[in-house]
Amino acid sequence: MLEINDLRVSVEGKQILKGLNLSVPAGEVHAIMGPNGAGKSTLAYALAGREGYEHEGGSAKLLGNSIIGLDPEDRAALGLFLAFQYPVEIPGVAGMTFLKTALNSMRVARGQEELSALDFLKLVRERLKSLGIDEAMLKRPVNVGFSGGEKKRNEVLQMAMLEPKFCVLDETDSGLDIDALKVVADGVNALRSPDRGMLVITHYQRLLDYIKPDRVHVLASGQIVKSGGPELALQLEAEGYGELLKETAA
Amino acid sequence: MSATAETIADVEKLGDRYKYGFVTEIESETAPKGLSEDVIRFISAKKEEPDWLLEWRLQAYAKWQKMTEPNWAKLGYPPIDYQDSYYYSAPKQKDAPKSLDEVDPELLETYAKLGIPLKEQEMLAGVRNVAVDAVFDSVSVATTFKAKLAEAGVIFCSISEAVREYPDLVRKYLGSVVPQDDNFFAALNCAVYTDGSFVYVPKGVKCPMELSTYFRINAENTGQFERTLIIADEGSYVSYLEGCTAPMRDENQLHAAVVELVAHKDAEIKYSTVQNWYPGDENGKGGIYNFVTKRALCQGDRSKVMWTQVETGSAITWKYPSCVLQGDDSQGEFYSVAIANNMQQADTGTKMIHMGKRTRSRIISKGISAGRAQNSYRGLVKMLPSADKGRNFTQCDSLLIGDKCGAHTFPYIESQNRSARVEHEATTSKISEDQLFYCRQRGIGEEEAVALVVNGFCREVLQQLPMEFAVEAQKLVGISLEGSVG
């Protein structure tokens, strides 16, 4: 589903991703772990098409479509969703307005009709209910004054509404206490499906206790240096990155 | 290309996107070019005005000739040749139309293009409850819903008609809030104003619907000088909306309106403006010059006036809707969104003059600058010695898009009463790359993302608009900023 080959990306003239290879089939959840500065967030932003993340070589395909050079909104329309590490505040814009604008923009981009206000409301209420989120959250301006937990739940809600084909979760656990983490993980797990792929980026193994990955990859110095099953995460937790990096460098 | 450079490049691409740029071909009956006593007599005669009004105009003209154009605003424009303009132009029609059916079809079509189908409005009267006194060039051509208003005793007509039908009211109030020689542009307006709206709400009456006037400048090279007078008698309430668009043209057009509001004891006036005149091309060529004097007199105790404006058009905007808070416990409010893109220049704000005891004022100003535009907030809060316990709160927020535009804030505070309290808060920020990326990752195209973020920034002001117009204003905010980012 997501195929990345020899991807090289630089930020402000400095190469951060140095020939990254990764393949995530539909229905699977893969985790990317790695020390600070390994390029984890760069990978997330580069996939989403953020300005300033310059493509220097290699390929990235979603469902067979190259996403290199596409605008962020076009990647989103292809089904790519990024759950932000630090969701952004948009003062004065109600969550409901934001979601409706997003959903309808994507529908238009995909050649579908916009949802009527009524159909939209129905859909939102259904999703809110299944995620156990209070509608009041959508009356507040997007992420403004939200707690860490609320912000991440809002990300999950958006994910549930936009029904992406592939989700990238960038350090979703950061800033969450254990209860909030569980709630968010439950939301993510509910969205696992045989035709959806996920890439969970995290520094700590903790998140992977709640979102069980099919595969774990270690990212260091801009490359995947090791891949394995869920046990790799546990090993990293026990030994730290230092040991593994020495081993791969050798 | 860096994001910023790209933003700037794309801002510069904007220019030919003005959606309402078209000229209607209707024969005008035009006064000779230039300004003189004869031209003023021509205008007055065309409008079959009484002698007192002609005298009043000539008096203003004499004063104007001794005045000089103000230059304190942060605006740059070539000198205006007042002799190189036409001061009167009316659509030719043998008789005034008795109903919409008699209105020139081409005129109606123009309104349709602007999204103001009068016929539909009439049919939808019961639904939207909006009366439209459509001003085309200088003469009112159609006024609707008079019957319903008459039932409530509300007078809503063109000011020319008011001069004929209610001369005593007009004579009593005309120039009572903005004196003839208040400023250069107001004096000019007194001398040559052609038409505008008149509203009188009698004692204790709540006007049953929003009153709305769509102004539209049409004939080539004709300055338009509207005159609006709104009087809310004791305990009455009225909400008025002025909205405008103008067709594209090459030469700069002078526009100098005067709006006077009088609120008596316990009366309340809401005056909302959505202004979208042609801003000129990307080099600022051809835009409207808008020099407006708007002032409200809160004459009676506990009276209240609220100005709300959404200013997106014009090449030059010079406009300071003000409140003179004379009555004790009277209140003035000013909510403003001013958007300047490309080469637009806006110098706008308000004046709150506190005279009465416990008078309160509130100013919320949101300025958005993009392209190479300059956007200034200029506000005066004055507490006179009599303004015991007067209070003001001012908040000025500026948002910059790109790095070639400017935002300026000039707050003037004069307090002559120790018990008065004046607060001023100001912020300046740039539209954030983070916000745009976040929106775009959710599938929202870049232009729409800008519109969304800017609408959020303006929300406090937009939500003050009457419901029917808030939606239109939101769209206008988006349209005004199209192309301002890549």
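1. Val11(A) touches Ile16(A), Thr42(A), Gly52(A) and Tyr53(A), leaving aside residues up to four places away in sequence; contact means heavy atoms within 4.5 Å. Val11(A) sits in strand E1 (residues 2-11) of chain A. Helices (H or I, at least four residues) and strands (E, at least two) are DSSP runs, numbered from the N terminus. Val11(A) and Leu70(A) are 59 residues apart in sequence and 17 Å apart in space, C-alpha to C-alpha.

2. A word on the basis. This is a predicted model, in which local features need pLDDT of at least 70 and side-chain atom pairs count only at pLDDT 80 or more, while totals for chains, interfaces and linings use all residues. Residues are numbered from 1 along each chain as its sequence is written, chains are lettered from A and ligands numbered from 1 in the order written, and side-chain values use heavy atoms, without hydrogens or water.

3. Now the interface. Chain A brings 32 residues to the contact and chain B brings 21 residues. The area buried between chain A and chain B is about 2200 Å², and carbon and sulfur atoms give 60% of it. Buried area is the accessible area (1.4 Å probe) that two parts lose on being put together, summed over both. Arg50(A), Glu51(A) and Glu73(A) supply 26% of the area that chain A buries against chain B, more than any other three residues.

4. Which charged pairs cross over? The rule finds five salt bridges across the interface of chain A and chain B. A salt bridge is a side-chain nitrogen of Lys or Arg within 4 Å of a carboxyl oxygen of Asp or Glu. Side chains of opposite charge can pair when their charged atoms come close. Glu73(A) meets Arg440(B) in a salt bridge (2.6 Å, N to O). Asp434(B) and Arg50(A) form a salt bridge too (2.4 Å, N to O). Asp434(B) lies in helix H11 (residues 433-441) of chain B and Arg50(A) in the loop between H1 and strand E4 (53-62) of chain A, so this pair joins two chains. Over all chains, the search finds 30 salt bridges.

5. The largest pocket holds about 1000 Å³ of space. Of its 31 lining residues, the closest to the centre are Thr97(A), Thr101(A), Leu452(B), Asn455(B) and Gln474(B). E7 and H3 of chain A, with helix H12 (446-462) and helix H13 (467-480) of chain B, each give two or more residues to this lining. H12(B) gives the largest share, eight residues.

6. How are pockets and cavities told apart? On a 1 Å grid over the protein atoms alone, a cavity is a set of points where a 1.4 Å probe fits but cannot get out; a pocket is an open set with protein on both sides within 12 Å along at least five of seven lines; lining residues have an atom within 4 Å of a point. Grid points are joined across faces, edges and corners, and a volume is the space filled by probe spheres set on the points.

7. By this rule there are eight cavities of 30 Å³ or more. The second largest cavity has a volume of about 90 Å³. Of the 14 residues that line it, the closest to its centre are Ser365(B), Gly367(B), Asn375(B), Tyr377(B) and Ser398(B).
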